[in-house]
Amino acid sequence: MAPRLDSLHGKTVYLVDTGFHGSDVLLHQIQAWFSANLPDTTTVFKRKAGPYAEDDPALWKEIKSQGNAVIMAVGH
Amino acid sequence: MGIPSAPLVTKAFKDLAILNAAKRGMPHERICFTPHPIWGKTPEEVRAYVEGPDPVTGKPLMKEVVDALTVPLSEEDKKSGTVSVSTGPATFTDTADNLQEFYLNNGYTDFLPIILPTEERVDRMMRATSHKPDEVVGKMAAGAYPPWSYSVRQVAASAVMAGCRPEYFPIVLAIASSGMASLFSSTNSFAFAMVINGPIRDKLEFNYGIGALGPFAQPNATIGRAWTLLSKNLGNGGIPGDTYLGSLGNNLNYNNVVIAEHEDASPWVPLHVQKGFKREENVVSLFRGLGVVPGQVARGSSANENVQFDSQMSDLFSTFTGFFGALIIADPLVAARLKEQGYDTKEKLIDWLYKNTTQTVKDYKSRNYAYLFDYPRALRGDEPWATWYKLPDDAVVPHFPHASDFNIVVAGGQTNAYPQAGNLSYGVSVSIDKWM
Amino acid sequence: MNRRNLLGLLGMSPVALAGMPALAATDKKTDTKKGAAPAGPILEVLNPRGTPPPITLIPMAKRLDTLNGKTIYLVSDGFPGADAFLNQISIWFKKNMPSVTTVYRLKAGGFADDDPKLMAEIKDKGNAVIMAIGH
Amino acid sequence: MQIEKMGIPTAPMVTIAFKDLALTNAAKRGMPHERICFTPHPVWGKTDEQMYAYLEGNDPVSGKPLMKEVIGALTDPLTADESKSGTITPPTGEPIFTGTADNLQQQFLDNGMTDFMPILLPTREKVDAMLKATSHKPDEIVGKMTPAQGAFPAWSFTVQQVAVNAVMAGALPEYFPVLLAIGSTGISALFSSTNSLVSAAVINGPIRDKLQMNYGIGAMGPFNQANAVIGRAWTLMSKNLDGGGVAGETYMGSQGNVINYNNLIIPENEKDSPWTPFHVQKGFKPEENVISFFFGFDITQGQGGKGLGMKPIPHYHEAMSANVAPFASLFGALFIVDPLVAHGLGDLGFKTKEAIADWLQKNTTVTVKDVKTMLFSGLPRGPEAANLTDDSVIPKWQKADAFNLVVCGGQTNPYHQLANMSYRLSVSIDKWT
């Protein structure tokens, strides 16, 4: 597993929607939770392109260069 | 990649998520659970999930998410290396009755009686192929799991259990070599089909006449069943909640849809020849999808002289997902009538069906699979979905994205002029002769 | 087809009625196909068949000496195509045996049901029946 | 045959596709020498010229000129065999078979007593263990069954004969009362028609848990012994207890149906359902154990249809209504809904199964013109039918009871399956314990 961050303060967390029904609603609520509870964490919502079991290399590249952590919603 | 991540999974997938993490090499993955389902809930309801506890641990969900990303790793979490998976000893010894029970209780069966795979019976099965007992036949997985590999001997054991005669064995090996499992892990309850072509249909006395798809012949019944036993025992599939997740399940998974094409009564080229094989070759072609429905019920079915295939098919396909294709199983009477109407090749009929089976963009977008599968492809720029998603609601698009999504086979006993149609996609065709 | 013949023996084929044993104790085809069957204890197992009712033989009706001058009822059981087919039969009689009168009737009720009214009419007015079954 | 009895000579004309059926059926009904004349197949869809050519050609079975044969059938004097009367008892084989396990497996298969898959051999010991699971006597008559009412004589069968089939299918003794209840209805799972029809059974009551039936993930698939074996036993009973399921004789479905192997066995997920269980709807008490029968065309999955992907709240009822578009109104619609769908429908205001059935009946419509092109759908009868034109929009089914709902499934997704099947009847399982 990847090393964990010391804290989420000032970090960018990617919220990744794998495309299952309802994932977008859940992740938007999580976004709202962060702005209320951890306002100095930046959240970026992304819908993964391509079918759910396939990789989205462009998104992974973006996260690697701009993100510090990922929350991924799987299932509906 | 080195980026910490916190997977959020609904509670219904708990066993799956934990097992899957372990199978994929991360047994301590920090998975956070939400109540199930999210789909169909209002934003307020989902908000309450976010602010409430993880239903598995009972701890506040968002605290857990933050911890998953920030609490330092333990020694266990950092482990690398390989762990081998145990499948038990090579042989079991007991009375016949106890062994039946033992196989059933261990999940080696479809919960129906089997022929016990004694060494003698397995040896007799293996004499029907020139391939060596230890030769690796292929690899199979029940979905997004690491595939298991298996030998000729292991395939033979499942073939014996299913009730196959030794002369059926090359077909079972051909299926196994494809690596395609008949039990696929999805929350959909998928179905699978195979089409058998070539002289082996008559040599083994396959039924392609009256009741072709039903329980009326040994090769149809046991080869279909063997596919499911292979998928359980060799592909590690079919464990509900773990490697099988179809909510409602599918009755077709017991024996699968086995279709020996009625080549002599067909006015058209057999399926295997369409796929590039010679007529005298023996071939099994595999399909996957959702199921099979009867065609004689739909609109356009009652016109005697001139079957209205356009309205009949558009009606039938209105419930089909365009994610899978259409496999039309035509009784020879249906095929003969279509030929009289000018469809002298399968390709001509397919071309007509592809162009005339349509829907509005509005209806298309209201379909579950469009949102789930096609929209992300459109986002990636894949065609034709990228174009479809730019069209106005009243534009008309094909029900199936490509003409190649259609396949036609001929089977049935000519007691009536009805077709059946499967919402099934072509997967692969494999030579049976190679496994003789 | 050979397998089906075998199965037919078990049900009620004309062959079985003629007095052939319904079930051979061992099946020759089996023995040759399987080679030497493995030895094992001899088991006794029960027959799963239900009990069919006895069949009352129906003597067939006395045949006519000739069809000349007779009335033949052409009876359809209602399957698609039967009407058009019987119409061709009446045309055949007109051409080849013009002294025969043909009367077309569609049997009322489902294909397996009796139609007592039609039966009475045939008994009263007909000499013979041609019945079209299947499509 | 009725006509022959009246003394009128008859020449039945049958297309060659029905040869085996016609010959065995004549024998079964007491006229083994019936003078059947065969035509080529099919006549349906042929032109007048093509049919006339059949008449001028030969009988494809005998090879003799067809019309000469028809005339001979009516005029050639009867032989001694043809005028025989009396009764005969059709043979069903010896009561006991003896052999090694492998030979017996083969013998049962070759005799058409199986579904062509391995069975457990019905030894005296195993049959007796089965018989202990009911208070009914081994010789008691359970019921009568036929592959098709009117077309074939019904056979009767005893508790013991059901037990033999139960063992063969792989049943545990505790499943036996369910199989006796099935037998008592006389419903064959292999109904003979040129359509390839299917059967379903819904199981309710505490017995579902006692037998550890699966009404969760994969409920209708090969994941549970009771679900698998009870369904399979029904098919074996339908072959052995009434002589059914012989392709070409007592089974005529042109293409056949995979579902006939194990039938659709649906234990209702009562605990996760917001609604009244199915047996209670039919007048039984919740604690009673009941099996309910359905019959019809087939089953299909609902997730491909229109409307389900509508966001954010899926309109399940609209998807269900759109999904029954290709169904025949000859049979009804049986919806097997995941508990997630049932709760979703509840949230949409459908507080009972009856409420959703009522909505579906009113809102599932079709034009008269379209109904006329559907082979197995009909128009309403009665005075109001007189005012209908081709453009009239009418409910596809006239009564809400054409729609039945059963809750089943493991809540991994909010999907439903739907079967073009009609409800037939419900019977008590407890009576057979």
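The following dialogue considers chain D of a predicted model and its contact with chain B.

Student: How many helices and strands does chain D contain?

Tutor: In this predicted model, chain D holds 15 helices and 14 strands. Its C-alpha trace spans about 75 × 65 × 35 Å along the principal axes.

Student: What percentage of the residues in chain D is buried?

Tutor: A residue counts as buried when its relative accessible area is under 20%. Of the 433 residues in chain D, 67% are buried. The chain exposes about 14,000 Å², and 53% of that area comes from carbon and sulfur atoms.

Student: What share of the contacts in chain D joins residues 24 or more positions apart?

Tutor: Among contacts with a separation of 6 or more, such pairs account for 77%.

Student: How much area do chain D and chain B bury between them?

Tutor: Buried area is what two parts lose on being put together, summed over both. Here the two chains bury about 8,100 Å², with 57% of it on carbon and sulfur atoms. On the chain D side, D:Trp44, D:Phe223 and D:Gln255 lose the most area to chain B, together 10% of what that side buries. Each chain, D and B, brings 103 residues to the contact.

Student: How many salt bridges are counted between chain D and chain B?

Tutor: The criterion is a side-chain nitrogen of Lys or Arg within 4 Å of a carboxyl oxygen of Asp or Glu. The count between these chains is four. A salt bridge joins the side chains of D:Lys306 and B:Asp363, at 3.6 Å from N to O.

Key: Residues numbered from 1 in each chain as written. Chains lettered and ligands numbered in written order. Predicted model: local features only at pLDDT ≥ 70, side-chain atom pairs only at ≥ 80, totals over all residues. Heavy atoms only, no water. Helix = DSSP H or I, 4+ residues; strand = E, 2+ residues; numbered from the N terminus. Buried < 20%, exposed > 50% of the residue type's maximum accessible area, 1.4 Å probe, protein only. Contact = heavy atoms within 4.5 Å. Areas by Shrake-Rupley, 256 points an atom, 1.4 Å probe, with all protein chains shown as cover. Buried area = accessible area lost by both parts, 1.4 Å probe.
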